[in-house]
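Dear colleague,

Please find below the structure that I am handing over to you.

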Amino acid sequence: MLQRSTTWVGATAREIARAVRRGDTSATAVVADHLDSIRAYDRIVGAFREVRAAEAIAEAETVDDQPTLGNLALAGVPVAVKENVEVAGAPTWNGSTAARRPVADRDHEVVRRLRGAGAVVVGVTRMPELGIWAATDDAGGTARNPWRTDRTPGGSSGGSAAAVAAGLVPIAHGNDGLGSIRIPAACCGIVGLKPGRGAVPAGIGANDWYGLAENGILATTVADAHLGYAVLAGHTPRALTPPSRLRVAVSLRSPVAGVFPDAGARKGLSDAARLLVAHGHGAVRADPVYPPALAARVLATWFGAASLDAAGLDREALQPRTRRHVTLGEAALRRGLVREADRAAWRERCRNWFNDGGYDVLVTPALAGAPPVADRWSARSWAANMVASTRYAPYAAPWNFAGFPGLVIPVGVRDDGLPVAVQLVGQPGSELLLLALAGQLEQAAPWRRHAPGWPRMAARRR
């Protein structure tokens with residue numbers, strides 16, 4: 001039994017849920033601990049758009065009174081929800097006041113599943129406007145990386161990642177259209193899972209970014225990521241089975257021409273490959289073939305998805321970078337550049353690459369370099385945002401275009417004090433395999449669960 005004499009802040013979701021189910025603590029006490037921490041420290045990281053303090057306490061009391069408490073997988077676990085899915089009683093912000101939609105009268109399906117498992121929604125987390133960008137800020141505030149507050153936590157699930165890395169919540173919801181879970185997870189040194197297409201209900205924006213966008217989970221441990229994924233996918237959580245010998249492709253190659261991984265990213269991948277070999281897996285150097293036209297097709301789809309999400313909004317109220325993006329999307333749609341046939345062809349090409357090489361998993365760097373500064377990227381030009389995002393985060397997008405699952409885990413710390421991470425990719429349906437392999441790596445080389453100094457500050461405060 002886990003004993004917490006001062007605070008439950010910093011405990012894992014599994015620890016909290018087990019203690020609440022056993023009666024060692026109450027959901028109300030756990031949620032109150034986390035709300036105290038959020039009140040004291042979110043002013044530093046800026047993770048939350050809105051904190052639902054009174055509502056969360058009421059929800060926690062309801063959890064404590066449930067006769068089925070002993071069966072709830074996330075009993076009393078405080079969670080944060082990214083602000084672009086509906087939370088009953090709250091507006092759906094979508095990254096800015098200009099993109100804000102009215103107060104929702106019901107929960108999105110993934111929120112309903114979290115609450116149905118006993119989780120308590122303590123707030124909604126900040127994201128960039130319409131989820132387009134790889135840094136998280138707007139006129140209302142800037143989300144900061146708990147590892148170094150002068151750096152961004154990434155985007156678009158930047159607020160969720162910052163909240164988890166700072167210990168303000170043990171797990172958080174995010175979604176990922178071109179890396180928006182995996183990029184922030186890598187920036188903040190935590191675990192981030194983007195499920196494959198259809199594994200978890202989507203319902204994101206106008207059309208799930210043509211099937212590129214998926215709801216997923218951010219956590220500090222593989223076990224918590226697995227638990228959160230099981231709840232979102234509607235599965236009964238079961239123990240992961242460590243995989244026997246796998247054939248793992250290891251690739252440094254960037255999908256974007258002219259962008260290369262820096263020394264920190266290269267070392268992180270090399271360290272991960274050594275751990276794989278130490279566990280008996282076969283690690284071979286093998287690069288996916290990224291066709292020259294792939295980047296243009298991904299960009300056209302990204303632009304087109306943004307234009308659909310902006311329909312009905314006051315165009316002039318949007319940030320200038322977003323207006324440019326939406327205008328490009330309208331042009332892409334008019335010219336017929338957004339095609340399911342392109343996505344299907346790339347999906348088949350990726351499947352053939354895995355099958356022909358006999359690869360079970362592909363491992364790449366998660367990022368090509370360190371996260372950019374935490375700045376008013378929302379006031380910068382479209383070109384500045386595009387260049388910054390592409391230079392540091394080129395590895396995630398192809399796997400959204402294919403609809404394959406992807407998982408990011410930390411594997412060390414860079415010379416600049418920021419975390420370094422790798423991305424694991426598998427074929428459709430391989431989420432549990434990726435989690436099991438990540439669990440082996442975590443056991444072999446455990447990572448720091450929270451950014452240095454977090455959440456001990458909150459614990460001392462109590």
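Against which helices do the buried residues of α13 pack? Before the reply, please keep in mind that this is a predicted model. The buried residues of α13 pack against α6 (182–188), α10 (292–309) and α11 (320–334). Helix α13 itself covers residues 382–392, and its buried residues are Trp 382, Asn 385, Met 386, Ala 388, Ser 389 and Tyr 392.

Is Pro 292 buried or exposed? Its relative accessible area is 84%, so Pro 292 is exposed, the cut-off for that class being over 50%. Pro 292 and Ala 225 are 67 residues apart in sequence, and their C-alpha atoms lie 34 Å apart in space.

Salt bridges

The count of salt bridges comes to 23.

In the pair of Arg 315 and Glu 330, the side chains meet at 2.4 Å, N to O. This pair links distant parts of the chain: Arg 315 is in the loop between α10 and α11, whereas Glu 330 is in helix α11, 15 residues apart. Arg 315 has a relative accessible area of 29% and is therefore partly exposed. Glu 330 also counts as partly exposed, at 28% relative accessibility.

Salt bridges can also share partners, and in this way Arg 49, Glu 83, Arg 126 and Asp 138 are joined into one network.

Arg 112 forms a salt bridge with Glu 109, and the closest N and O atoms of this pair are 2.6 Å apart. Both residues lie in helix α4 (residues 109–116), where they are three residues apart, about one turn of the helix. Arg 112 is partly exposed, with a relative accessible area of 48%, and Glu 109 counts as partly exposed at 26%.

Arg 148 and Asp 150 form a further salt bridge, with a distance of 2.8 Å from N to O. At 26% relative accessibility Arg 148 counts as partly exposed, and Asp 150, at 36%, is partly exposed as well.

A charged patch

Which residues form a positive surface patch? They are Arg 14, Arg 18, Arg 21 and Arg 22. Among them, Arg 18 is found in helix α1 (residues 13–22). The relative accessible area of Arg 18 is 32%, so this residue is partly exposed. A residue must have over 30% relative accessible area to be part of a patch, and Arg 18, at 32%, therefore passes that cut-off.

Yours sincerely

Conventions: Residues are numbered from 1 along each chain as its sequence is written. This is a predicted model: local features need pLDDT of at least 70, side-chain atom pairs count only at pLDDT 80 or more; totals for chains, interfaces and linings use all residues. Side-chain values use heavy atoms; hydrogens and water are left out. Patches are made of residues with over 30% relative accessible area and no salt bridge: like charges are joined within 9 Å, nonpolar side chains (Val, Leu, Ile, Met, Phe, Trp, Tyr) within 5 Å. Accessible areas come from the Shrake-Rupley method with a 1.4 Å probe; for residues, only the protein chains shown count as cover. A salt bridge is a side-chain nitrogen of Lys or Arg within 4 Å of a carboxyl oxygen of Asp or Glu. Lys and Arg count as positive and Asp and Glu as negative; His and the chain ends are not counted. The place of a charge is taken as NZ of Lys, CZ of Arg, CG of Asp or CD of Glu. Helices (H or I, at least four residues) and strands (E, at least two) are DSSP runs, numbered from the N terminus. Buried means under 20% relative accessible area, exposed over 50%, partly exposed in between (1.4 Å probe, protein chains only). Contact means heavy atoms within 4.5 Å.
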